[in-house]
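Here is a colleague's note on the model. Please read the points with the structure open.

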Amino acid sequence: MLNVNICFFFFFCWAWAEPAAQTLTPHEALEYATTLFNSDPSATSTVISILTTLANLPPNQIDPSLAHFPHFYLGSIFHFGGAAEPNISPPTTALHHYKRALEIKPDDSDTLNNLGKLHSDINDVESAVKFYSKALLFDPRHTQARINLGLLEHRRGQFKPAIAQYELALGSSPDSLTLAEIHYNMGVSYQHMGEILLSVDNYRFAIEHRKITEEDYAEAWLNLSALHHKHGKLEDAVFHYNRTITAVLSSPQDTLFFQHILNSFGFLAKDILQQICSDTYKYTLMVMIMNNLGQALSQQGMVESAIKHHRAAARLLTTRIELLDKQQNDDDTANQLMEAQDNLLHSRAHIFRASKWSNFLEFDNLFHDVNSIQIANGMDSALLPFDSLGLAVSPIWRKEIAVQHAAHLSSFSKQFQPPAFPTTSNKFKLGYLCYDFNDHPTAHLAEGLFLYHNRSQQIQFSAYNYGKDDKSSYRVNMANLVGGVREEGGDVGNFFELSHMGHETASQLVRSDLPNVLIDMQGFTLGGRPELTARRLSPIQVNYLIFPGTSGAEFMDFVVGDKYVTPPEHTAYYTENLALMPNSYQINFYDRHIEPNQHFTHVDRKASREKENLCEECVVFANFNKQDKIEPIIFDLWLDVLKAVPNSVLWLLKPSHRFVSSGIEENLRLEAAARGVKPTRLVFAERVSKQEHLKRVGLADLFLDSFLYGAHSTATDSLRGGLPVLSVAGGSFARRVGISLLENIGGGVAEGLLVNSFKDFYDVSKFLGNGGQQGVLSELQKMVKKGWKSKFFDTEKYTRDFERLGKLMWEVYECRGENDMHVVM
């Protein structure tokens, strides 16, 4: 999860010259008091005393043009300076003095602006808008009132009005420092609108204007870094995060301290670490940078460096918590303490993700603290919906995390109504929203869906893409199947490019295309853009295919499943209604890679196995999942199987090119050795094209499924290649896909390959691996190879069923005016 720092900027600073004489006029006393307050914060009580005396002078003893200032400054001191009167809250005292100032000078824009800020601070938005607007009525060029009104609009989610206020502020000829702040805030608002290029431009303007004052702008650098990170430009992100560190660490001593924190745990003196954590500005930014940079490094495969950065953040946070524990127990300290504990949990979660193997036992502690600190206090969980799919948690807790994660968008979504459809229209359109219309498993599966939609006379369909164009044949073909890419301003083609559009523009385009049913093929996965579906692009919005769980979002109406992955008794685990396919929920398509009646056979099995570094006589167990699905529980079970079948090896998939240097292979081999299995019995398959992979999977004897997050398309590839898949049934969508695949391939395959416990998994693996009853494994392999004839691989039938399911959802909506029923085909 990317932490993008949004800074609300409020600037109130007054400075006057020191008085030259000891006997002061009211004017000189006013100057002396304000100068003393700015130069010596410890003199607050003296300043308040002087200002109070001035405020109580008879009107004839003070210049009428200055009479409101004592109350204005007293209000400002109680508002911003942390002063307080016994038994009276600072805002109450500040409000009293601001009102007195207005009684003396009703048209004072500075006082009106500060009153707006005071009401904004206590969430009285209506009053804040009133006072800011009144300040601008008297002084349309009051820059700070413009900025503050823009910030208030941003807080309310009104990003366009916020930007309009910032643009007016730019016209008031502010100085370079204020220009920088305006552009920074515009960048934040554009970012929330999804207008990435405009956001980047404004962050860069902010940096340039700040540079004129010989200052750097760490917050702008940080947000630029996070934008690169979010959009997959990892090298650029890492560069910008490091540039942000340079902006934060303003002295050689700062840099030295940072290197100690990062590289020398335990060697940095406690008092120095506490000194760093006492600087709230530097501490806050460094925690965010360390965690974000750690995530980017982890995504690049630099796991050790990633963990080092997350631990640096955790050390800063732990020290900060220790400091706060020693401070006076007031509301502000309590809030800071809660925030630090919250951030520490996020750091621990990052460490857990990056080093799951060595920290797997830490999960119980992390899970407990997430519940007791974050969820109990209404905070966002450090464990994300996608994390929950691969963790041993209850389905209800998994749903709770999804609901919490989607809550702000669910609230935002309430202001949108679905587009109205012409009552005379008899057209039915499916719309597909996705980031991965490229060489990606999503497109590998969905290409067949598009092919048979294209041949249908019953429906229309469109694709809305917001991901990268990788120029692959998958991308080209899917666009062509929808009639081609729709050019800007054109009316031909139904493949719409949204990647360059902000959220509002993209939403308007999709809504104007009028899909009866919108199918979100991303969910809570990398690249997801829920800000679009939150705007209610269609009367029916469906969670489909890629995220195997609930969205938790009120604006998603259905989740597509089947009677195995989403059985009726699991409805409580989903915020959506269930839409059940008659067979498997998963679309499959292999025509591009293999002829419908073709099976790959290896004439020279010995040579083929040797090419893959597999011995001819070995029993080859396989699992071709990405390494993030291999966790210690299932790995222990696989190694127990290897020990029980002496002449066996485990064939795994090499890490992707980004993780080649991450030590994953070496670490798995070390884990095997620690469990009494020779490291050489782990064989790693090179990454090849899908067609080449389908050719080779049959060289294995049995695919051993993972458990916490089972194999999905990887298992389907294995079955299509003729390799039996042994799976153990679980209690969630992500763990039950193996049931759906094996039951739907038919031919009695499930009876031999679907088990209900780890013991059964071990016993069946051992039985089949050691030969069992003569020919049992061979017979299972033959049964799997016959599965290509089953409805499981009938893409056209699946597509027609899916179209009928979409129409059934629409018929329910037309009849009832809402989506309040489960739909079963």
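This is a predicted model: local features need pLDDT of at least 70, side-chain atom pairs count only at pLDDT 80 or more; totals for chains, interfaces and linings use all residues.

1. C615 is partly exposed, at 34% relative accessibility. Its disulfide partner is C618, with an S to S distance of 1.7 Å. C618 is buried, at 10% relative accessible area. The cut-off for a disulfide is 2.5 Å between the sulfur atoms, so the pair C615 and C618 qualifies at 1.7 Å. The count for the structure is 1 disulfide.

2. Two further cysteines deserve a look. C434 is buried, with a relative accessible area of 0%. C815 is exposed, with a relative accessible area of 69%. C815 is called exposed because its 69% is over the 50% cut-off.

3. Next, the negative surface patch. Which residues form this negative surface patch? They are D604, E610, E616 and E617. E610 sits in helix α26, which covers residues 605-611. E610 has a relative accessible area of 48% and is partly exposed. Patch members need over 30% relative accessible area, so E610 passes that part of the test at 48%.

4. There is a positive surface patch as well. K468, K626, R658 and R687 make it up. Look for K626 in the loop that runs between β8 (619-623) and α27 (632-644). K626 counts as exposed, at 53% relative accessibility.

5. Now the salt bridges. How many salt bridges does a search of the whole structure find? The search gives 34. Side chains of opposite charge can pair when their charged atoms come close.

6. D121 and K117 form a salt bridge, and their closest N and O atoms are 2.4 Å apart. Both residues belong to helix α5 (residues 109-121). They are 4 residues apart there, about one turn of the helix. D121 is partly exposed, with 40% relative accessible area. K117 is buried, at 7%. The limit for buried is under 20%, so K117 falls in that class.

7. K797 and D801 form another salt bridge, with closest N and O atoms 2.8 Å apart. Where do K797 and D801 lie? Both are in helix α35 (residues 795-816), 4 residues apart, so about one helical turn separates them. K797 is partly exposed, at 33% relative accessibility. D801 is buried, at 4%.

8. A network also turns up. Salt bridges with shared partners join D469, K471, R475 and E497 into one network. One of its links is the salt bridge between D469 and K471. Here the closest N and O atoms are 3.3 Å apart. The cut-off is 4 Å, so D469 and K471 count as a salt bridge. D469 is partly exposed, at 37% relative accessibility. K471 is exposed, at 65%.

9. Check the backbone at two residues. Most residues other than glycine have a negative phi. N123 is not a glycine, yet its phi is positive, at about 65 degrees. N123 is in the loop between α5 and α6 (125-138). It is exposed, with a relative accessible area of 59%.

10. L545 is the other residue to check. It is not a glycine either, and its phi is positive, at about 80 degrees. The loop between β5 (540-543) and β6 (558-561) holds L545. Is L545 buried or exposed? L545 counts as buried, at 10% relative accessibility. It is under the 20% limit, which means the label buried applies.

11. Last, a distance across the model. I289 is found in helix α15 (residues 280-299). I289 is buried, at 0% relative accessibility. I289 and N588 are 299 residues apart along the chain. Their C-alpha atoms are separated by 42 Å.

Technical notes:
Residues are numbered from 1 along each chain as its sequence is written. Side-chain values use heavy atoms; hydrogens and water are left out. A salt bridge is a side-chain nitrogen of Lys or Arg within 4 Å of a carboxyl oxygen of Asp or Glu. Helices (H or I, at least four residues) and strands (E, at least two) are DSSP runs, numbered from the N terminus. Buried means under 20% relative accessible area, exposed over 50%, partly exposed in between (1.4 Å probe, protein chains only). Patches are made of residues with over 30% relative accessible area and no salt bridge: like charges are joined within 9 Å, nonpolar side chains (Val, Leu, Ile, Met, Phe, Trp, Tyr) within 5 Å. Accessible areas come from the Shrake-Rupley method with a 1.4 Å probe; for residues, only the protein chains shown count as cover. Lys and Arg count as positive and Asp and Glu as negative; His and the chain ends are not counted. The place of a charge is taken as NZ of Lys, CZ of Arg, CG of Asp or CD of Glu.
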